[in-house]
Amino acid sequence: MTVVLKLYDGSTTLNLNDLTNYALPTDDNGTPLWAPTVPMLSESPLSGRGPYEDTIEEIEVHVRGSTGANALAAYAALATMMETALRAQKGEGGIAPVRLQYRPHNSSLGADVQAVVLGRVGMDQMITAPPDLNRADNKEISGVRLRFWVRWKWIGADDTWSTSSATDIGTPVTLTDASTPPQSTSPCKLNISGFNPSTTPTLSAGVLLVGVLPMAQAAESMTASKYTSVSDTTNKAKSGSVLRYTPTDTAFNLSGASTTYNGAARHWLVYATVRNNSGSATWRIRMAQTALGKLIYAPEVPIDASITTPRIVCLGVLAGMEQSTQQFTIKLDIAASTTSGSPTLDIDTLYILPVHNDEVSKAIQFESIDLVGAFSASSTSVSLVFDDRVLTSLTPAVYALKVSNSDKVDTGYKTDPIIFTEGGALGACLIMTGGNSTAHWLFTNSSGTVVQVQYQLVLHNAYISTP
Amino acid sequence: MSLQLGIYESATGNMWRDLSGIARGLKFSANRHGYLSLNCEAPMSMIESFQVFDRPGLPHVEVNWNGIVAWAGRLEDPAVMAGGVRIGALGYQRAMYDVPYTALWSDTSVDDWVIIPETWKSDARPDRFTFDNNNRLYVTPNVGSTHGTTTSPKVGFWGYEIPSGSARQIVAISFDYAFLAPSNWVGALSTFTGSLSSPTFSTSPWSVNGSGALQTGTQSVTFTACDAVMFYLYFNAADAAYTPQTGDNYLRITNVRVKTTTSASLYADEVARALVSYVSGINSGQLSSTTALIESPTLDLKDEVYEDLLPGDILERLVGLGDNQTPPRRWEWAIWEKQMLALRPRASQALEWFVDVSAPELERTIDMLRNSAYAVYQEASGRNLRTAVSADTFSVSRYAITRREAVPVSTTSSTQATTNRDAFIADRKDPPPRAGLEFKDLFDQFGNRWPPWFLRPSHIVTARNLPATLGPSVDRIRSFVVDETEMDVDRNRAKAIPETPLASLETVVVENNDRRSNDRRSNDRR
């Protein structure tokens, strides 16, 4: 019976059951006496560590050598590996996390699965030798104990999904995969291509919606008293027009209703592209959700007068419905700070994301990236990448990637940028404004054309218990 | 599980570190004034720890969920410890305690008017007049004294000036006058720049000439911003002996109100906006200059003079004054997302939540009950006046006791005093319970489960499994307005603390007294 259990730091591999330098204790039948703990869903909502809790692994291993010196060298290698894991956990530069690699006996998987050795448990030693380490014949050091935290149990082989067709920025797409869905919620790397320093010298800050397919609501259909549809094709309004609020007072006034949404979801996350046409008036926007015969207001969101070009605004979260047959609509309730100067507020599109599981459905805000500063102005393909880096780093990353040579420039973000999927399909929508002109509702290239992007997902199959 | 903890160069700056994957023991809290504190530890190498400890500027710390801010503040207390760094951040409400503020806004007191001596103004001759400020500004020439303009005028001045270092100057004054004097006598008002002890004349926006008959009227004048104003009386002709009796002729000013705003009424939102401008002008990275979230209580404030007060303390006073509603509403000030100051009726942004309490701790005491009150305010001379007693009859009947409070109010306006009295009763007529509720999940009215950090101070929490009680919908027992929240991220548990915490309950309380450098008003009449 064989079980694969290794420690790997990116260059050195220690096989804890190679039977030459290391061996797991066995029973009388030769069965290795070790099994990993199964992680449970984490209580903590903090991101960066996946949906499952960190677990403590205790591994007893016999360390061997042809001589006592060789056995001690193998023991020292283990100690060094533990130190490397600790240094990586502390974020020391240039040190990748140590991985625990595992494949059980009779596994149907064709390759090992991996997890990250996170560090020591409290103040406990990560490696402990038996008290008879210095006995006369120490070619076999029995009962060396390893004890450490483990995260990201277990990451298996990658599954690269098909690249989506080219789609305008701001248009939701469904990414699909014909492979068998993963056993459990799996982290992914998402590559969004379609950028180029020569045509898109700066990537505007934006928002990536992922999860259940987001919906784009054309706001200009929500007309009512004081709310009119106004054409704005010049500035690349998504459907050609925007909803304009023209106040006659400073009270809150309701717009017309959105499309009716059917929907079971735990919550509904709503973003909007908004433009304050006044350099002095400020606004308060709140969503009004009509559901089950009630009108419920979300907390108001202020719009300041800092810019008069389109911006992306998170309008907040709405309550979900229990049944898909329960319907709701959204209205916008807006109040102006003043009517002096005839201020107006335009809304182009509402982006509505159903949130069942907030590991899977999320809105990732990212900062702008200067592509020319990073890669020079030459024409070259650049992708915007949301990289989970679960096995290679303690933190994920969002960066622009120069495809030709893999040069990267990182950017900042808000909200967990690790994309998860339960497999089968994943909705995505990249929202960016500006580009060739800050006045553009949708991100444009140097020709003034809305940029088209393609999405490609690389899923890292995850298992809480390896098959 | 998408709560992300990051450190940013500033509130609008780039991300510096994502601590989500390594933070331990993360807890954050909020009170009625916004995000309060955040603490956690993060393992780091010594070099990295000192980079956090010694980083220039004041980094921004934020906990974010899908673009919704769960907590935001500034990294005030980083600490290097064994194995890493301890992050201590405080919310941007702290920005209202960074710099003291001095300004006159409105003053109806005559106590602060002074008689101008000749050493301050060469034409002042106070010895030739009799003055009094007993609920008025009164000046009358003395019998037998010489008055006139020969060589120089001989003038009796009452003067008022802004506090030294005031952020605002006088632009308006309203008053009633009574002037009785023969012809050639003049009663007038002049404005000056500089201090009263060294004034430079600016304008004379009002004057009245004697006619021999009593002249009365009401004036409300505005003028170019100035530092001081003077009412005065003089004889505008060649010198002559004054033979009538002292008091036969006079200038009498009453109901005087000095303002540094041209608004007919001074509302709290105008002060709040000025505080925003003041604080953001000094520390632009700590407070947004946007005033979109400032609403108006529409209650005229007659006596607002601040000397070396922290803006947070000023706001605390303003929200306690209520508004023009009947009964007056409680108000709140807070700084939440985007560092914007909000001034609004308490709980106007409230969401309603339901929790299941497993082990409630509730204690009721009538110690906090006040169902009857009168306000103590002042007349212009400073003498205390008392409003009529008002009571909430339902509360008196329910608790079978009248518990009455004398509410001190710093104003000469009986209207404002009455409003403050009613606001006090509205706040205290039902004794807030001492309680603490810990829970894991929030539920909305549809039964959906929400993350516990969605609960904020001023939201309303109803414990579903406690019995209903008699009384209004927010009966402060089964259902209450949350005053403070604390989130334990590792355990995914939140604690809701109502307006009066249990004595035995561990709460997060920030003592404002620890931060304030001065705690006084210019005219502390109580």
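The following legends describe close-up views of a predicted model.

**View 1. The interface between chain A and chain B.** The contact draws 53 residues from chain A and 52 residues from chain B. About 4400 Å² of area is buried between the two chains, with carbon and sulfur atoms giving 53% of that area. Across this interface, 27 residue pairs are in polar contact. On the side of chain B that touches chain A, the elements giving two or more residues are strand S1 (4-8), strand S2 (15-18), strand S3 (24-31), strand S5 (60-65) and strand S33 (449-450) of chain B. That side of chain B consists of 24 nonpolar, 16 polar and 12 charged residues.

**View 2. A salt bridge across the interface.** Four salt bridges are counted between chain B and chain A. In one of the pairs, Lys414(A) forms a salt bridge with Glu62(B), and the closest N and O atoms are 3.0 Å apart.

**View 3. The surroundings of Thr128(A).** Thr128(A) belongs to strand S7 (residues 127-128) of chain A. Its relative accessibility is 39%, so Thr128(A) counts as partly exposed. Apart from residues up to four places away in sequence, Thr128(A) touches Tyr75(A), Gly143(A), Val144(A) and Arg145(A). Between the C-alpha atoms of Thr128(A) and Glu60(A), which are 68 residues apart along the chain, the separation is 9.6 Å.

**View 4. The salt bridge of Arg244(A) and Asp346(A).** Over all chains, the salt bridges number 46. Arg244(A) and Asp346(A) form a salt bridge in which the closest N and O atoms are 2.7 Å apart. Arg244(A) lies in strand S16 (residues 241-245) of chain A and Asp346(A) in strand S25 of chain A, so their pairing ties together parts that are 102 residues apart in sequence. Asp346(A) is buried, with a relative accessible area of 0%, whereas Arg244(A) is partly exposed at 22%.

**View 5. Salt bridges within chain B.** The side chains of Arg464(B) and Asp356(B) meet in a salt bridge, with an N to O distance of 2.8 Å. This pair links distant parts of the chain, 108 residues apart: Arg464(B) is in the loop between strand S34 (460-463) and strand S35 (479-481), and Asp356(B) is in the loop between strand S25 (352-355) and strand S26 (361-363) of chain B. Arg464(B) is partly exposed, at 39% relative accessibility, and Asp356(B) is partly exposed with a relative accessible area of 39%. Asp441(B) forms a salt bridge with Arg449(B), where the closest N and O atoms are 3.2 Å apart. Asp441(B) counts as buried at 18% relative accessibility, while Arg449(B) counts as partly exposed at 39%. Salt bridges with shared partners also join Arg32(B), Glu332(B), Arg344(B), Arg346(B) and Asp483(B) into one network.

**View 6. Helix H3 of chain B and its packing.** Helix H3 (residues 311-319) of chain B is mostly covered, with eight of its nine residues buried. The buried residues are Pro311(B), Gly312(B), Asp313(B), Ile314(B), Leu315(B), Arg317(B), Leu318(B) and Val319(B). They pack against strand S9 (101-107), helix H2 (268-282), strand S22 (304-309), strand S23 (331-335), strand S24 (341-345) and helix H5 (414-428) of chain B. In the loop between H3 and S23 of chain B is Pro327(B). The peptide bond from Thr326(B) to Pro327(B) is cis, with omega near -10°.

**View 7. The buried residue Thr411(B).** Thr411(B) sits in the loop between strand S30 (404-408) and H5 of chain B. Its relative accessible area is 0%, so Thr411(B) is buried. The side chain of Thr411(B) makes a polar contact with the side chain of Asp303(B) at 3.5 Å. Beyond its neighbours within four places in sequence, the residues in contact with Thr411(B) include Lys302(B), Tyr377(B), Gln378(B), Gln416(B) and Ala417(B).

**View 8. Two loop residues of chain A with positive phi.** Most residues other than glycine have a negative phi. Asn106(A), in the loop between strand S5 (98-103) and strand S6 (113-119) of chain A, has a positive phi near 65°. Asn106(A) is exposed, at 67% relative accessibility. Ser342(A), in the loop between strand S24 (327-336) and strand S25 (345-355) of chain A, has a positive phi of about 55°. Ser342(A) is exposed, with a relative accessible area of 61%.

Methods. Residues are numbered from 1 along each chain as its sequence is written. Chains are lettered from A and ligands numbered from 1 in the order in which they are written. This is a predicted model: local features need pLDDT of at least 70, side-chain atom pairs count only at pLDDT 80 or more; totals for chains, interfaces and linings use all residues. Side-chain values use heavy atoms; hydrogens and water are left out. Helices (H or I, at least four residues) and strands (E, at least two) are DSSP runs, numbered from the N terminus. Buried means under 20% relative accessible area, exposed over 50%, partly exposed in between (1.4 Å probe, protein chains only). Contact means heavy atoms within 4.5 Å. Buried area is the accessible area (1.4 Å probe) that two parts lose on being put together, summed over both. A polar contact is a pair of N or O atoms within 3.5 Å; within protein, one must be able to donate a hydrogen and the other to accept it, and residues adjacent in sequence count only if both atoms are side-chain atoms. Ala, Val, Leu, Ile, Met, Phe, Trp, Tyr, Cys and Pro count as nonpolar, Asp, Glu, Lys and Arg as charged, and the others, Gly among them, as polar.
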